[in-house]
Amino acid sequence: MAPSGKTYGIADLKKHTTDKSCWLVVHGKVYDVTEFLEEHPGGYDIILTSTGKDATQDFEEIGHSNSAKKLLEKYVIGEFEGGDSAPAVAKVAPQSANAAKQQPAKSAATRTFHVILPLLILALALALNFYMMSQKKSA
Ligand code: HEM
């Protein structure tokens, strides 16, 4: 639960999209990051591009470190009405975990195929070449 227990909607977010007052939504929580803007290692302007909307995807896509995620907690001011968009991420996560499990076998097979196919074509071309040469000689 957010310390303040307040819930904010997208309309509230849209009122705080400048360096004078900057709110962000990440994982269903609303953060007032105005104070943090100048300190952000990625620059303040990039954060401003993620305001007025759910910034979870933007935040996660960058691959922020755990310390960046911890830093967020300092700025929480309430909950986001729209909830956590993370279920989408969470749903994707197990799938990608499965995909990661299946990936090696799949990609190994694909890799083998990609190596063998050109070799087969080369071998066929050489065989054809030899055949043509021997045909020419015997003619
Ligand atoms: C209040 C929320 C945010 C916090 C606390 C935060 C914190 C940080 C921190 C600590 C770093 C340094 C690298 C790391 O530890 O991961 C970082 C880097 C970065 N952040 Fe954020 N960030 C926030 C929001 C955002 C948003 C919304 C975006 C993009 C739309 C963003 C884009 C970036 C980029 C591009 C870098 C990389 C900078 C570089 O490597 O040159 N950040 N952020």
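Residues are numbered from 1 along each chain as its sequence is written, and side-chain values use heavy atoms, with hydrogens and water left out.

Strand 3 (residues 29–32) and strand 4 (residues 76–80) run antiparallel to each other and are joined over 3 bridges; two strands count as paired if DSSP finds at least two bridges between them. Helices and strands here are DSSP runs numbered from the N terminus, a helix being H or I over at least four residues and a strand being E over at least two. Strand 4 is mostly covered, with 5 of its 5 residues buried, where buried means under 20% relative accessible area, exposed means over 50%, and partly exposed lies in between, with a 1.4 Å probe and protein chains only.

Strand 1 pairs with strand 4 in the parallel sense over 2 bridges, and T7 stands opposite E79 in strand 4.

Strand 2 and strand 3 form a hairpin with 2 residues between them. H27, which lies in the loop between these two strands, has a positive phi near 50° although it is a residue other than glycine. Most residues other than glycine have a negative phi. H27 is partly exposed, with a relative accessible area of 28%.

## The iron site

Which protein atoms are the donors of the iron atom of the ligand? They are NE2 of H40 and NE2 of H64, lying 1.9 to 2.0 Å from the iron atom; donors are N, O and S atoms within 2.8 Å of the metal (3.2 Å for Na, K and Ca), and because water is not among the atoms, sites may look incomplete. The pair links distant parts of the chain, 24 residues apart, with H40 in the loop between strand 3 and helix 2 (44–48) and H64 in the loop between helix 3 (56–61) and helix 4 (66–73).

The 6 donor atoms around the iron atom of the ligand subtend angles of 87 to 179°, which makes the arrangement octahedral. Six donors count as octahedral if opposite donors are over 155 degrees apart and all others between 65 and 115. Ideal angles for six octahedral donors are 90 or 180 degrees. H40 is buried, at a relative accessible area of 13%.

## Helix 1 and the overall fold

The protein has 5 helices and 4 strands, following the pattern β-α-β-β-α-α-α-β-α along the sequence. I10 is found in helix 1 (residues 10–13) and counts as partly exposed at 39% relative accessibility. Leaving aside neighbours within four places in sequence, I10 is in contact with G52, K53 and F80, where contact means heavy atoms within 4.5 Å. The C-alpha atoms of I10 and T51, 41 residues apart along the chain, are separated by 10.0 Å.

Of the contacts in the protein with a separation of 6 or more, 69% are between residues 24 or more positions apart. Buried residues make up 25% of the 139 residues.

## Confidence and the annotated span

The mean pLDDT of the protein is 84, and 79% of its residues reach 70 or more; pLDDT is the predictor's confidence in each residue, from 0 to 100. Confidence is highest in strand 3, at 97, and lowest in helix 5 (residues 86–138), at a mean of 70. Over residues 89–95 pLDDT stays under 50, and the model has 1 contact beyond four places in sequence for them. Where pLDDT is low, the predicted coordinates should not be read in detail.

According to an unreviewed UniProt entry, residues 113–132 carry the feature "transmembrane region"; UniProt positions are given in the numbering used here, feature names are shortened, and annotations may be inferred rather than shown by experiment. In the model, residues 113–132 are 100% helix and 0% strand, and their end C-alpha atoms lie 28 Å apart.

Key: Predicted model: local features only at pLDDT ≥ 70, side-chain atom pairs only at ≥ 80, totals over all residues. Tetrahedral: all angles 85-135°; square planar, octahedral: opposite > 155°, others 65-115°.
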